[in-house]
Amino acid sequence: MKAVMIISDQAHYDEIVGNLSRLNIRGFTSWREVLGRGSKTGEPHYGTHAWPSINSAIFTVVEDNRVAPLLKFLKNLDAEAENLGLRAFVWNIEDMI
Amino acid sequence: MKLYETAVKKPVGTSLIFIGLVLIGLIFYFQLPVDLLPDIEMNVVSVMTFYPGAGAEDVETNVTRPLEDLLNTTENLKHIISRSKDGLSLILLEFEYGTNTDNAMNDVRDKLEMSSQFLPEGITDPMLLKFSADMMPVMTLSATADVSTEAMYKILDDQIVNPLNRIPGVGTVSISGAPQREIQVNVTPQKLEAYRISLEQIAQVIAAENVNVPAGNFDIGTQTYMLRLEGEMAESRDFNSLIVGNHQGKPIYLRDVATVIDTVKTRILENYTNGRRSASLVVQKQTGANSVAIAEAVKEQLPGLQKNLPPDIQIEVVTDTSDHIQTSINSLMQAILLALIVVGAVVLFFLGRWRATIIILTTIPISLIGSFIYLYVTGNTINIISLSSLSIAIGMVVDDAIVVLENITTHLERGSRPRQAAIYGTEEVSLSIIASTLTIVAVFLPMTLTTGLAGILFEQLGWMVTIIILLSLLIAMTLTPMMSSYMLRATKDMNVNKFDLWYRRTILPMLDNLDHGYAKLVNWAARKRWQTTGIIAAIFVGGVIICVLTLKTEFIPSADNNQIGMTIEMPTGTRVEIARAQGLKIQKMLREKYPEIEIISFSVGQADEDNLFASMRDNATHLMSYTLRLTKAAERKRSIFEIADEIRRDLSQMPELYRYEVQPGGGMASAMGGSYVDVDIFGHNLATTDRIAADLQAKLSEIKGLRDVTITRKDYRTEYQVNFDREKLALNGLTMSTAAGAIRNRINGLVMSQYREEGDEYDIRVRFDEKYRQSLEDIENILIYNPMGVGVRVRDLGTVIESSSLPQIDRRDRQRIVTVRANIYRRALNEVVEDIQKAINTTQIPPEISVDISGSLEQQQESFGDLTILLIVAVLLVYIVMASQFESLTYPFVIILSVPFAFIGSLLLLTITGIPLSIMAFIGLVMLVGIVVKNGIVLIDYINLNRERGMSIIKAIVDGGRSRLRPVLMTALTTIFGMVPLAIGTGQGSEIWRPLGVSIVGGMTFSTVVTLVLVPALYSIFGSYGVVRKRKKHREKLIDQTNGNNNGKSASNATI
């Protein structure tokens, strides 16, 4: 099992959530409004006057074989609109109930 | 969920809500009554008291003054104006605008109840009357006739008045100027004396004989019958055979001592239309009725009614208020349509995208039509104020939508999908569009609270614009994102059509060049900030100087309503025949010389005593009042003002006229006609005030731009007085009142009975035949019978002497007043007033007499005072809104500095176009406060944003300037071009709105140009101060720290 954390501009939110089930992913947890800044490129997402855009965070735990299609989908989505910003991070799940 | 999110996610609901709003608005629109102005409650209450037989001065001391003292304490009373005439005291109570007249009426009524104790015997109870705008006639018709003249009253009453009265909304239709039928019994005094019968006896006999009496019911057999005695004369000639007395056993018939004539009343107000004898029919409406609908219904019915009339009676429309209303409304409608097109063109020019343009333009009809719901719900009308509010708002309603759409486009360009772009794009700018809408509301909402005449005029405008702007905000936050999410495409999906290609090839490079050039300018301005500020300050000072030197002011611009009113006087006491001949001569002259005049209608003569309406206006045998109706303003070259001036010149060529007054606009001087100036001379002594008035009249006549300088005090008039000797009266067993009554009956006539025919009643008037009441001897020879039946001649009871008296005494604020009044022609009020003040200063005025200038000036000063307060309130509120948005006191200050430039721009453009500063132009200035700050807000907001993103001041300014130039130009140009149709309007009634349009166009243009340079320069000054301050603080902190470290070190060294 792997955990995937997707942080993206909130404009992507509906698109990603809509496509999760298409990728055979059922469970997820999301935070509609999170703030932050990318390490290299992209505009900060602070929700302030200067940087009004806001991110959303989606956290999902999936079978190992689901990770690749998910990342592929996300990569395409990011390429579509690079300025918005989308990042996903994957790590191992050691145990769960 | 947030509003905009809901709207985007529920497109069906959102669009249907707005479609519903438009439908309801349209339904209400077609039900709204149309009128010229909003329902202005007139603030005047009149108190009329009759004191029969008293002269003007007696009326003044015994009735007017006590009543004035009593009524003076009424709440909210502004002025108390009175007119004491023979037998009549008329007091006009003028209240502050906005006073509830019904409450004031109750107040006055309570006070009048107390008055009965100290008013003299023999007066009638004071009558209270409220003036209202509804009393203004909707239409005046005139009926001309040749052979049917004598029967006109009855014909018109039956055939015209009754059908017209049935039209819904019509209040009353009254006939004036048509001769009314009367049975005259003209007695020969010698014959009466021979038979020893008095005139009163004849009248009593007629009254006693000419009766029908029901005698009760009686039974015959099984039936009950009614018994009636029919004594009334079946025909007027039957009166001849009445037996009025006996002489030596033989009956005396009425025909033996008098002639009975079935004729028309002699002393009446005569009307002439286009040279033919006519009667005028005045149509008044019910309160709240639709003037235009009534006038249309009347005009529709007239041809049908005309058919039933005798062929020689012609009905013509003399005045028709609906005509003016309709054309004014139509020309405003055109202005609105034109504005819509122009605004659309501007938006398309800047955006270059059809779909975006359509989204933005949808805002306009929805918010405008939505405001009709407000009009309907609050019982208002469609009038020039409410329509011009639409015209004013049209350029502003698109602003919010433009900002929203612009930001949504930015999101799209970054790669968002339309739906998300719509939601988040709107969210980001929602606060700033709310703030910029609030600045507009901060200006227009206080307008609804203004007092005085300005408040009444602009209350509706304030509400309308506030509602329209708030509605446009709502649309910008719901419908605009919703439509954008469906109609806009992400940049990558966009199709390119021919228009887009053309736009990219021609317009876009132009706009890019403009951006580039402006960036250079801003760069220079921000770096040479002091130089820039200096140049602009110099422009400001120059502008102020030019404005101060050239500023002209007036009260309300005058409108061409196709009407001219004239009052022409012959010397007092001129017989009506002579005045009539003169009147016809003038009408002939007008007809030949002025082809523009369609209808000339005038009245001459003394109105009936029982005519309540006429007793309030001036009418006398020597007085002629004209109403001229001209062709439509668009169809002639000369305006009513030029024609009126020409007529004045013609009238001055007629030495037989005593004085004349020509009023373009037709009498409604204070409302819409030209401006006028009153010089009020207060003082008790009639001779001194007369002298000063004459003196001032001579001086005023020489002042340029003043016309028709007249003195309101009437001339002394010659009269005959019968001075009875009380001893002689007593000796003969007579009293003053019986003797006076006897004389009155013989000269004026005695009406004791009516002749009935076909349901109508006609007076039977018994008096001396005309040839026996034409000389002093006739009066001296009148025989008065005392209670013993002995006849005594007037000459044995007293003397008849010639004297003169003042027919009318005017008072204002409890002091006698003479007013020298003049109309202003083609000159600004302030210049004229200056000259008049000089004339007053050179006149010798005793200390007990005071001289004031009032008229349009007084109203102007009051309104300007109210508007100045409004202006200050607006500036403060706008500042507060901006300060809370920026959370700063400096930036709003920088922005508000564009307001003075706006004023200068307005005043300069007003000067260039030769329009004086009137209350319309002034209200334009007030509006500018809210409108011009928008440019500054957009600029500073973005510069601030750039700085928060970490740019240096200069870079933030240049970058911000370049990226905000188009939105600023777009919103400014939509506002300016939206106003241009008002400013250049040529349609009828456009004179009123032109100053407003000109003032906004001038102010907005000038301030936009200045703001675009001044704001960057000032920002750079204030911003760098901020940086310098921060650096200084930082340096002090560093120094403190190093000092602290050094001290610490040295201290530790010391301990070691």
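Residues are numbered from 1 along each chain as its sequence is written, and chains are lettered from A, ligands numbered from 1, in the order in which they are written. Because the model is predicted, local features need pLDDT of at least 70 and side-chain atom pairs count only at pLDDT 80 or more, while totals for chains, interfaces and linings use all residues.

Start with chain B. Its C-alpha atoms fill a box of roughly 155 × 75 × 60 Å along the principal axes. The chain has 33 helices and 30 strands. These are DSSP runs numbered from the N terminus: H or I over at least four residues for helices, E over at least two for strands. Of the 1056 residues of chain B, 45% count as buried. Buried means that 20 or more other C-beta atoms, placed from the backbone, lie within 10 Å of the residue's own; exposed means 12 or fewer, and partly exposed lies in between. Contacts here join residues whose C-beta atoms, placed from the backbone, lie within 7 Å. Among contacts in chain B with a separation of 6 or more, 80% come from residues 24 or more positions apart.

Now to a sheet. Four strands of chain B form an open sheet with mixed pairing, in the order 12-7-24-23. Two strands pair if DSSP finds at least two bridges between them. Strand 12 (258-264) and strand 23 (750-757) of chain B are the edges, each pairing on one side only. Neighbouring strands are turned by 25° against each other on average, direction ignored. Strand 7 (residues 181-187) of chain B runs antiparallel to strand 12 of chain B, over seven bridges. Within this pair, B:Glu182 has B:Thr263 of strand 12 as its bridge partner. Helix 24 (residues 736-747) of chain B packs on the sheet and touches strand 23 and strand 24 (760-768) of chain B. Its direction makes about 115° with that of strand 24 of chain B. Axes are lines fitted to C-alpha atoms, for helices over the stretch in contact, and angles run from 0 to 180 degrees between N-to-C directions.

Next, helix 22 (residues 686-701) of chain B. At 1.5 Å a residue, its 16 residues should span 22 Å, and its end C-alpha atoms are 22 Å apart, which agrees. The expected span is 1.5 Å times one less than the number of residues. Which residues of helix 22 of chain B are buried? They are B:Thr689, B:Ile692, B:Ala693, B:Leu696, B:Lys699 and B:Leu700. They cover an arc of only 130° around the axis, so they sit on the same side of helix 22 of chain B. The arc is that of the directions from the helix axis to the C-beta atoms. An α-helix has 3.6 residues a turn, so residues three or four places apart point the same way. The buried residues of helix 22 of chain B pack against strand 20 (676-682), strand 21 (706-711), strand 29 (815-824) and helix 27 (829-841) of chain B.

Two backbone angles deserve a look. Most residues other than glycine have a negative phi. A:Asn24 has a positive phi of about 60° although it is not a glycine. A:Asn24 lies in the loop between helix 1 (13-20) and strand 2 (29-34) of chain A. It counts as exposed, with 12 C-beta neighbours inside 10 Å. B:Asn274 also has a positive phi, near 50°.

Notes: Contact = placed C-beta atoms within 7 Å.
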